[in-house]
Amino acid sequence: MITKSFNFYSNPSIKFISIKNGVLIFVFVMTLSYIHSQTNIPGGLVEGTWTKSNSPYIIEGAILVADTKSLTIEPGVKVEFQGDYKFSVLGQLIAIGTVNDTITFTASNPSLGWLGVRFENTSSTNDTSSFSYCKFEYGKANWPSPLNSGGAFFIEGYSKVNISNSLIENCYAELNGGGIFCDNGSSPNIKNNTIRNNTAKGGGGGIYAGALCSPVIDNNNISSNVALELSGAGIYTYDSGGSGSPIIKNNKISFNICDGGRGGGIRVLSKSASITGNIITYNEASGDIGGGGLYITKVGTGGTGNIVSHNVISNNKTFNDLDEYGGGGIYWSSNGANDLISNNLISNNSTSKDGGGIHFFASSPTMINNTIVNNMARNGGGLFCKNSSDPNISNSIFWGNEASGSRNQIYLEDEGSDPNIYYSDIENGLLGVQSAQNTFYLGEYLNNINLDPLFNNPSSGVGSNFDGFNSDWTLNSSVPSPCINQISPSSNTSQFDLAGNPRVHENFIDMGCYESQEATLGLKRINENTFSIYPVPATDYLRIKGKTQISSLVIYNSKGQIVKSYSKINNQEKIDVSNLESGIYLIRLNNSISYKILKR
């Protein structure tokens, strides 16, 4: 039985009435003022509408939206669980708040928590459940299986779930999915959320996606999550069935920690994963293997290939127990025929073992237009190849990477590892490609250069202790950089560079992840002026470095509308763009110089 109670406060007042027989008569008036109501839910079936006027809803037992039934929760409602009760959905649940009036799911006792929103055996004939502008906190999945996974959300065999514009924090799972857990073909849409400070004792501190799942994880801020024993502190996709196709795009994945040692930021086991447009920074993996930023493994045969493109992978690190592993930025053991690594910036990552930028194990992906710089390792500061890894590398830059104190850009551990390298800038040339004792490099090494790429504002040192993310790794066009206009457009590449600019300019392609295009790029000299705008892509702020005084700055969106303007900008002053939506923007300096930037 649902009960409703009202709380009041009293406001006594004194009114003088009259004098009778020489006696003053006072009347005390007690005014009752309404504060709020609350609704007690003892447990059982729920449906209909929960309103803000009847909030908070005090949950005193496990609740269930039955099959074919629907529950709508209005903006501003607070749902407070009095114990570790679950919120099961066999029908439809709609919880859509607003920017200024969120819906809160919480626990009266944070240490005990509640058992999260759970879709178990939900029929696909039901309409989509949606959550937007909600806050989920203190979800704790610490009962016996299956109640040991999915701190805030547990989604099993059901895909019609949208989670957007919400905050998921301080949740826990005894096994997998501290924030969100999906398995058995579940493919929810997870977009524009902040997922932070969640913990999984197993894997997927922020998000876990299991067998046959193809979730779309788009434009989320996934930070400070922890995986204690397995993998993927930020995101863990484990497709043991082999037919899932997870899409991980445009996310900020940072400061996540994996004690299990496989993927501080992301751990992917798939044959058809797409990881594009993400900023993967300051993550850490310690334990048996590595992959500070990203750990990727192929399962099964076939598939469309694992694609890692247009990402910034910087300032990640690993501390490994097992001697043969590493991968400060990426650990890669996927051997799909269509595997692709393109247009990525991989900078200032570190590992105590091998492969500061990338560690390949039995892998031969295609690598195009990557900038791999200032990474640090024991062997293979930029790239480490083992167990017959033969990547095809083209249009890329390997510079400033360090291994055991030497400028060891690429290291080959065994006779079978022979990457082919074309049209790339390799520091120290062939001497920068080193092999283990009694092994020989037999791959093709053609049309490469060994010249300082002349970055506009590189990090000041090697490894994760130096800021590679907020540095400017675009090519200096005023000198110009020897990496500009080096390759014919017939070379296999993508349509756009890391900053979102057309890759082919003046009928040539540049080496590395950024394409110099002068006025259309906006990161180069225009006419007599030299300006640099970084970081690219932009996230929370921009800096402008130039020789000429900036008297005015205007930022336009894609519709030509002014979204920000400044009358004067000092050299390298921070410009806050954190409130701008993701997309392409035009910056006009001094009323005459135009630049295009990508905001994520």
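The legends below describe close-up views of a predicted model.

**View 1. Surroundings of Gly382.** Gly382 sits in the loop that links strand S47 (376-377) to strand S48 (383-386). With a relative accessible area of 0%, Gly382 is buried, because buried means under 20%. Beyond the neighbours within four places in sequence, the residues in contact with Gly382 are Gly357, Ile358, Ile372, Phe398, Asn401, Asn408 and Gln409. One of these, Gln409, is 27 residues away from Gly382 along the chain, and the two C-alpha atoms are separated by 4.8 Å.

**View 2. Surroundings of Glu169.** Glu169 belongs to strand S18, which covers residues 167-169. The relative accessibility of Glu169 is 9%, so this residue counts as buried under the 20% cut-off. When neighbours within four places in sequence are set aside, Glu169 is in contact with Lys135, Phe136, Glu137 and Tyr138, and also with Arg196 and Asn198.

View 3. Strands of a sheet pair through backbone hydrogen bonds, in either a parallel or an antiparallel sense. Strand S61 (residues 553-556) pairs with strand S62 (residues 562-566) in the antiparallel sense, over four bridges. In this pairing, Tyr556 stands opposite Ile562 of S62. S61 is also joined by four bridges to strand S64 (residues 583-589), and these strands run antiparallel. Here Ile555 is the residue opposite Ile587 of S64. In a regular strand, side chains alternate between the two faces of the sheet.

**View 4. The open sheet S59-S60-S63.** Three strands make up this open sheet, in the order S59-S60-S63, with antiparallel pairing. Strand S59 (531-534) and strand S63 (574-576) are the edge strands, each pairing on one side only. From one strand to the next, the twist averages 25°.

**View 5. Detail of the S59 and S60 pairing.** S59 and strand S60 (residues 541-546) run antiparallel and are joined by four bridges. Within this pair, Tyr534 stands opposite Arg543 of S60.

How values were computed. Residues numbered from 1 in each chain as written. Predicted model: local features only at pLDDT ≥ 70, side-chain atom pairs only at ≥ 80, totals over all residues. Heavy atoms only, no water. Helix = DSSP H or I, 4+ residues; strand = E, 2+ residues; numbered from the N terminus. Buried < 20%, exposed > 50% of the residue type's maximum accessible area, 1.4 Å probe, protein only. Contact = heavy atoms within 4.5 Å. Pairing = 2+ DSSP bridges. Axes fitted to C-alpha atoms, helices over the stretch in contact; angles between N-to-C directions.
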